[in-house]
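Please study the sequence and the three-dimensional structure shown below. The paragraphs that follow lead through a few selected places, one after another.

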Amino acid sequence: MGGTNVWDAEWEVNEEQARTLIGRQFPQLSSKQVKRLGWGWDNTVFFIGDEYVFRFPRRTIAVGSIRMEGKLLPKLEAFMTIPYPKPLFYGEASDEYPAPFLGYAYVPGDFPIGLTEERRALSAETLAKFLRRLHEFPVQAALKCGVQQDHRNLTDIASRKVKLEGFLSKVVEHLSPEESGVIEAYISRLQKDRVEAVNALLHGDLHFKNMLVNENGIVSGIIDWGDLSVGHPACDLSVAYSFLPPYARGVFFETYGGADEETKLLARLIAVYIPILILMQAVDDGNEAIAVEAKSNIMRALSD
């Protein structure tokens, strides 16, 4: 499938280059070990010593979001109830590397993969408080920092439904007949075309690859803020469906401050949509553990 995927890079950074770039601009870090942690669609991520994480954009489209994160993330500190990576080092573009890059405080934790439903339920209030505060951040202040407003057209259910059907056809052979049956039934029941627009500051990409948990399985970090944007809170509230078991959703929404039926409908849709994208990428990468987790997120989102 080479060259055509949304997650293919325009330029790569290896450990050697990262060490050189970081050492040149931040000599105080030059003696620290540099280890590649991984990469998302937009950034390659490195661990520096054991206290900092650096993100290097892999694509032109990611450069604006690195700049915006550098401006906005420090301002969020007073609103944050869960640890997050605060920018500390601002790398400039140079002849060796065409983009700015950012160094953050390292947030410890493990990805919430394969957690029991009981463990997930323990985070209901933690997640709800976190989102309540984040969604209280003044939208105007966020827009001043260059945050995009509803660039993904979140409220347009009809077009998302069409995309979802397309994604499903791509991964259907990696699903059991029961799984694909449940998803198909859900899609055919989706009759609403769009919901009323609401504006809040969003993390924008809240799923199990951007969340960290402690040894008890409780959410202890929210990472990867590259999709910070202004739009419908349902985008973030999707974690109530993808991450939490049905019996923990009541306390989640109560703690958050309530949500209307439209918001819940859209939140559930996004809780299916994001893991299907993650499943597509996991299948492409041959990553069985991520594929299994993505499927369980979808099935949880569709259970009541």
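Is Asn297 buried or exposed? The model is a predicted one, and in it Asn297 has a relative accessible area of 2%. Because a residue counts as buried when this value is under 20%, Asn297 is buried.

The surroundings of Asn297 may be described next. This residue belongs to helix H12, which runs over residues 288-301. Its side chain reaches the backbone oxygen of Glu293 at a distance of 2.8 Å. When the neighbours within four places in sequence are left aside, Asn297 is in contact with Phe208, Tyr241, Ser242, Phe243, Ala271 and Pro275.

A disulfide is a covalent bond between the sulfur atoms of two cysteines. How many disulfides does a search of the whole structure find? The search finds zero. To understand the case of Cys145, one may look at the distance to its closest cysteine sulfur, which lies in Cys235, 19 Å away. A disulfide requires the two sulfur atoms to be within 2.5 Å, so the sulfur of Cys145 is too far from that of Cys235 for a bond.

Cys145 is buried, with a relative accessible area of 6%. Cys235 is likewise buried, and its relative accessible area is 2%.

Where in the fold is Cys235 found? Cys235 is part of helix H8, which covers residues 234-237. Although Cys235 and Leu202 are 33 residues apart along the chain, their C-alpha atoms are separated by 7.4 Å. Leu202 is also one of the residues in contact with Cys235 once the neighbours within four places in sequence are left aside.

A search of the whole structure finds one cavity of 30 Å³ or more. The largest cavity holds about 30 Å³ of space. Which residues line the largest cavity? They are Arg19, Ile22, Gly23, Leu29, Ser30, Lys32 and Val34. Helix H1, formed by residues 15-25, gives the most to this lining, with three residues. Sorted by class, the lining of the largest cavity consists of three nonpolar, two polar and two charged residues.

Definitions and conventions
Residues numbered from 1 in each chain as written. Predicted model: local features only at pLDDT ≥ 70, side-chain atom pairs only at ≥ 80, totals over all residues. Heavy atoms only, no water. Helix = DSSP H or I, 4+ residues; strand = E, 2+ residues; numbered from the N terminus. Buried < 20%, exposed > 50% of the residue type's maximum accessible area, 1.4 Å probe, protein only. Polar contact = N/O pair within 3.5 Å; in protein donor to acceptor, adjacent residues only side chain to side chain. Contact = heavy atoms within 4.5 Å. 1 Å grid on protein atoms, 1.4 Å probe; cavity = no way out; pocket = protein on both sides within 12 Å on 5 of 7 lines; lining within 4 Å. Points joined across faces, edges and corners; volume = space filled by probe spheres on them. Nonpolar A, V, L, I, M, F, W, Y, C, P; charged D, E, K, R; others polar.
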